[in-house]
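Please keep the sequence and the 3D view at hand while reading.

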Amino acid sequence: MKLKKGVAVNAGVVIGSAFVLVKGRIGAQQRFLKTRTTEAAQKELDRFRKAVELAIGEAQEEAEKTRQEVATLKIAASLAEIFHFQVMMFEDINFLEFVRDKVETKYWSAEHAVQRFYSKQKKIFSQHKNESLRTRTQDLDAAEDKLMKHLVGETRSEFDGITEPVILVARDLTPSETSKLPKDKILGIATDFGGKTSHTAIIAVNRGIPAVVGLGNITADVQGGETLILDGGAGKVVIDPDNETLAKARDREKTFEGLRKVLDDERTLPAETLDGHAVRLYANIEFPSEIEEAIKEGALGIGLYRTEFLYDDTNTDPTEEQHIAAYKEAIERLQGRPLVIRTLDLGADKFSPDDLGYEKNPFLGCRSIRYCLYEKPDIFRRQLRAILRVSKLGNVKIMLPMISALEELREAKNVIQEVMGELRDENLPFNEDIEVGIMIEVPSAALCADLLAQECSFFSIGTNDLVQYALAVDRVNAKVAYLYQPTHPAIFRLLLRIIEAGRRKRIPVSICGEISGEPSFTLPLVGLGMRDLSMAPSSVPRIKHLVRSISAREASRIADTALTFQDAKRADDFLRQKAKEIFPELFG
């Protein structure tokens, strides 16, 4: 028996046989054409063009499938954008010209030309100063593999060998691989690499598959066929367990089955504490198609509607009518429930507009409201027109991201007033009293929350960026991941300051960052007075269960204690222990 520890991604205990995903790079079958003639070169190029068409079609199909199944977490970037990147690589004129030149002048095989081009590109990317570009080498590998498979005629799926339910073991999973996972055959996922926001983690959470990532070298310890116990809540995998361990795991497995039934039974019940305090749970979404699932999970509405998807898969700006269509669809699906639309948050780790060029510090650069106000005001006005035009159709609110100063808020509100004036002149109806709120995700906004509260309708705290900026930690940089600590004393104090500022000015304060869906944070958030939480739809049932299992008075005592700790680890351990006492199934 061997125990492996990694990063807990999705709670659940499963027992099954290991299936090891073995991936090998496809090599060029020959370097040069057998017949070095113009006619042979043209036939080779025809074969190459056909393979490119097939690879583009496959990438677009995978992107669409990913869009339908994924995107219920706030993540560093949309998975579908990776397939868009592949299509861009396949259509790149430099790439096409390189292959054409090598085949026509040197009589290289298409496979050899493709591999030489990608080898050069990966070297350039790996040496780039921008870390986000350095990490693109894996995406280049995936693009190369996809095209090479079509060139050599290898169409067999990596998962063809799975004939019964298994626990999938792999070094890591690419978006292409995760999009092809046989849903009914995967009990759990265990990988060498990955973190809580990796592609594998996103897929696992969205499909409800228990998973542990970042196990180091589990692929070296498992050959396939071994019995595994995977505990997604504790972040553990046991290889070849003894009878006693296996029996305990089966008990835990049954406990989780019972928990699922409890959560299902509570879906239609209110999220109310034992002493009668209502907590309103909303969902964060990226696409209108996610709304039905969010409502089914128990969400009261949408607390964060990200709109960047309108820019992900096109080289042209969406029209006003395209904006309207996306928002109208969401309103119709919600049937009167609230819809908070965040204006475009372009830049940084999200979709980066081409006209910005390279930025050394994109998180501190021209992103979000800065991009909308100063770089592309026409894009901003177009989106505002669309939001206002649909505002009469439902309970719609506008949320401005990345506000760092009162001047920015006033400037954005002036633009909104100007757009309202335009609509009046055109006799286009809209909600004159539409609420305009802001995201608090910059320390300066948190520290000036009392000033900002005077001139907006509501606050929504974006903890992902607030933690990053307050602690000076790049949240997508693995080298400093250990310093990204939401339980840091500074974060608790900033949260308390924001909540108190909202309370004094009598405006609602919600939270839409990742911690809103973390059970160990539910206790202090409710204890600090938070009554509106917005999260991934899949997180709503377990947070509701936790809320219904505590009293606001006890949550307040827990929050007071958490505020006394002088280091993040002690606070984190304390909160996890308290949550585990109430909800042990999630923590192992």
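The model is predicted, so local features need pLDDT of at least 70 and side-chain atom pairs count only at pLDDT 80 or more, while totals for chains, interfaces and linings use all residues. Residues are numbered from 1 along each chain as its sequence is written, and side-chain values use heavy atoms, with hydrogens and water left out. A search of the whole structure finds 39 salt bridges (a side-chain nitrogen of Lys or Arg within 4 Å of a carboxyl oxygen of Asp or Glu).

**Salt bridges between separate elements**

- Lys-4 and Asp-221 meet through their side chains in a salt bridge, at 2.9 Å from N to O.
- Because Lys-4 belongs to strand S1 (residues 2-5) and Asp-221 to helix H9 (residues 218-221), this pair ties together parts that are 217 residues apart in sequence. Helices (H or I, at least four residues) and strands (E, at least two) are DSSP runs, numbered from the N terminus.
- Lys-4 has a relative accessible area of 9% and is buried; buried means under 20% relative accessible area, exposed over 50%, and partly exposed in between, with a 1.4 Å probe and protein chains only.
- A salt bridge of 2.6 Å, N to O, joins the side chains of Arg-333 and Glu-292.
- That pair links distant parts of the chain, 41 residues apart, with Arg-333 in helix H12 (residues 320-334) and Glu-292 in helix H11 (residues 291-297).
- Both partners are partly exposed: Arg-333 at 28% relative accessibility, and Glu-292 with a relative accessible area of 40%.

**A salt-bridge network**

- Arg-381 forms a salt bridge with Glu-422, and their closest N and O atoms are 2.7 Å apart.
- Arg-381 lies in helix H14 (residues 377-390) and Glu-422 in helix H15 (residues 406-425), so the contact ties together parts 41 residues apart in sequence.
- Arg-381 is partly exposed at 24% relative accessibility, and Glu-422 is partly exposed at 26%.
- Salt bridges with shared partners join these two residues and Glu-320, Glu-321, Arg-385, Arg-389, Glu-418 and Glu-426 into one network.

**A positive surface patch**

- Lys-5, Lys-236, Arg-576 and Lys-580 form a positive surface patch. Patches are made of residues with over 30% relative accessible area and no salt bridge, like charges being joined within 9 Å and nonpolar side chains (Val, Leu, Ile, Met, Phe, Trp, Tyr) within 5 Å.
- One of these residues, Arg-576, is found in helix H23 (residues 568-582) and is partly exposed, with a relative accessible area of 35%.

**Helix H6**

- Helix H6 (residues 137-152) has 16 residues and reaches 22 Å from its first C-alpha to its last, close to the 22 Å expected at 1.5 Å a residue. The expected span is 1.5 Å times one less than the number of residues in the helix.
- Buried residues in H6 include Asp-139, Leu-140, Glu-144, Lys-146 and Leu-151.
- Gly-153 follows H6 and has a positive phi, near 80°.

- Most residues other than glycine have a negative phi.
- Tyr-107, which is not a glycine, has a positive phi of about 60°; Tyr-107 is found in the loop between helix H3 (93-105) and helix H4 (110-126).
- Met-402 also has a positive phi, near 60°, and its place is in the loop between strand S12 (396-400) and H15.
- Met-402 counts as buried, at 2% relative accessibility.

Terms used. Accessible areas come from the Shrake-Rupley method with a 1.4 Å probe; for residues, only the protein chains shown count as cover. Lys and Arg count as positive and Asp and Glu as negative; His and the chain ends are not counted. The place of a charge is taken as NZ of Lys, CZ of Arg, CG of Asp or CD of Glu.
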